[in-house]
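Subject: Model handover

Hello,

Here is the structure you asked about. My notes follow below it.

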Amino acid sequence: MTTLHIAAASRWYGNVVAVNDVSMDIGPGVTGLLGPNGAGKSTLIHMMSGFLAPSSGTVTLDDRPIWRNAEAYRQIGLVPEREGMYDYLSGQEFVLANAELHGLPDPGAAARAALATVEMEDAADRRISTYSKGMRQRVKMASALVHEPSVLLLDEPFNGMDPRQRMHLMDLLRRMGDDGRTVLFSSHILEEVEQLATHIEVIVAGRHAASGDYRRIRRLMTDRPHRYLVRSSDDRTLAAALIADPSTSGIEFDAGEEALIVQAVDFGRFTTRLPVLARDAGVRLLTVSPSDESLESVFSYLVSA
Ligand SMILES: Nc1ncnc2c1ncn2[C@@H]1O[C@H](COP(=O)(O)OP(=O)(O)OP(=O)(O)O)[C@@H](O)[C@H]1O
């Protein structure tokens, strides 16, 4: 069993604090690292893979520091976000180079096996420059898997993949998690994380914001107050009806938007009550849209919770 242990880890670049006092344990199975762009996901993954030293705190693998520890590197595979690859190599040569760097006894066979795992055998002898984005992603994956690591770290692995490739990679990662490997992938898309991860760590503005399974994270998001932008045939009458109802805790009129901004007490109740109240008041609803549903606002709610 392999566990990554991150204890009060921070990393700064000059005066930019990318990761701020983060503590978490990542064990076997599939974990999703969720956070908006710039949250510090890549920096955290680079510390977990031994590419970066923490500025303070520790990042260990089964209690041994990862930074400058060749033994730990042998157990870790990293699929970086960066696109830069050696385009003049074939897929086979690229994966083989990593197999050789790891000093594997039969690097050729290991490279072929890893390419087969990601279903790239047929294109293995073509130059990487001719590959699609999804194929490049798969070759990076084969390269990370060639030494059969017990920990696999993937930085935004689904970016640029078509739905079929995405499903295929999800199946593969699920299988690895089921086999007892420690798999962590980062994403800024909640739906992606929901489909794959049994455990989710949320990071926002460098800080650890929440942790748990999808249901717990979702609950944190839906239990918070919600704001809606509402336009109707008679905003004044609708506002009076809404404010008298317990599903609504506040209303203001946004002159710029020419709409009501309604603060709902809870998401489920408000969305069932609104049409009923409007109908009873003889008001036609023209627009109902969440005014703060962006991932960023959900995250900032999680951080302040
Ligand atoms: N080498 C660097 N030098 C200076 N600042 C950096 C460096 N790398 C990252 N940062 C800053 O650290 C913060 C976190 O960046 P990081 O790439 O880890 O976030 P991220 O969550 O992976 O975002 P993205 O998904 O957009 O890559 C950002 O503010 C970023 O600008």
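Domain bounds here come from an automatic or database domain assignment. On that basis the protein chain splits into domain 1 (4–221) and domain 2 (225–304). The centres of the two domains, taken over C-alpha atoms, are 41 Å apart.

Some ground rules. This is a predicted model: local features need pLDDT of at least 70, side-chain atom pairs count only at pLDDT 80 or more, and totals for chains, interfaces and linings use all residues. Residue numbers start from 1 along each chain as its sequence is written.

Confidence

The model has ipTM 0.92 and pTM 0.79. pLDDT is the predictor's confidence in each residue, from 0 to 100. Its mean over the protein chain is 89, and 92% of the residues reach 70 or more. Helices (H or I, at least four residues) and strands (E, at least two) are DSSP runs, numbered from the N terminus. Among these elements, strand 7 (residues 151–154) has the highest mean pLDDT, 97. Helix 11 (residues 295–304) has the lowest, 61.

Ligand shell

Which residues are around the ligand? They are Y13, V16, A18, G35, N37, G38, A39, G40, K41, S42 and T43. The criterion is a C-beta atom, placed from the backbone, within 6 Å of the molecule. Strand 2 (16–26) and helix 1 (41–48) are the elements that give two or more residues. Helix 1 has the largest share, three residues. By class, the shell has four nonpolar, six polar and one charged residues. For those classes, Ala, Val, Leu, Ile, Met, Phe, Trp, Tyr, Cys and Pro count as nonpolar, Asp, Glu, Lys and Arg as charged, and the others, Gly among them, as polar.

Strand 2 and its sheet

Strands pair if DSSP finds at least two bridges between them. Four strands form an open antiparallel sheet, in the order 2-1-4-5. Strand 2 and strand 5 (64–65) are the edges, each pairing on one side only. Strand 5 is joined to strand 4 (residues 56–61) by two bridges, in the antiparallel sense. T60 has P65 in strand 5 as its bridge partner.

Two residues of strand 2 deserve a look. For burial, 20 or more other C-beta atoms within 10 Å of a residue's own make it buried, 12 or fewer exposed, and anything in between partly exposed; C-beta atoms are placed from the backbone. D21 lies in strand 2 and has a positive phi near 55°, though it is not a glycine. It counts as partly exposed because it has 14 C-beta neighbours inside 10 Å. D25 is also in strand 2. With 12 other C-beta atoms within 10 Å, D25 is exposed. Beyond its neighbours within four places in sequence, D25 is in contact (C-beta atoms, placed from the backbone, within 7 Å) with T3, L4 and H5.

R68 sits in the loop between strand 5 and helix 2 (70–73). It is another non-glycine with positive phi, about 60°. R68 counts as exposed, with 9 C-beta neighbours inside 10 Å.

Strands 11 to 13

Strand 13 (residues 259–264) pairs antiparallel with strand 11 (residues 226–232) through five bridges. Y228 has V262 in strand 13 as its bridge partner. Strand 12 (residues 248–254) and strand 13 are antiparallel too, over six bridges. There D254 stands opposite A259. Four residues separate the strands of this hairpin, and E258 takes a positive phi near 50°.

Best wishes

How values were computed: Contact = placed C-beta atoms within 7 Å.
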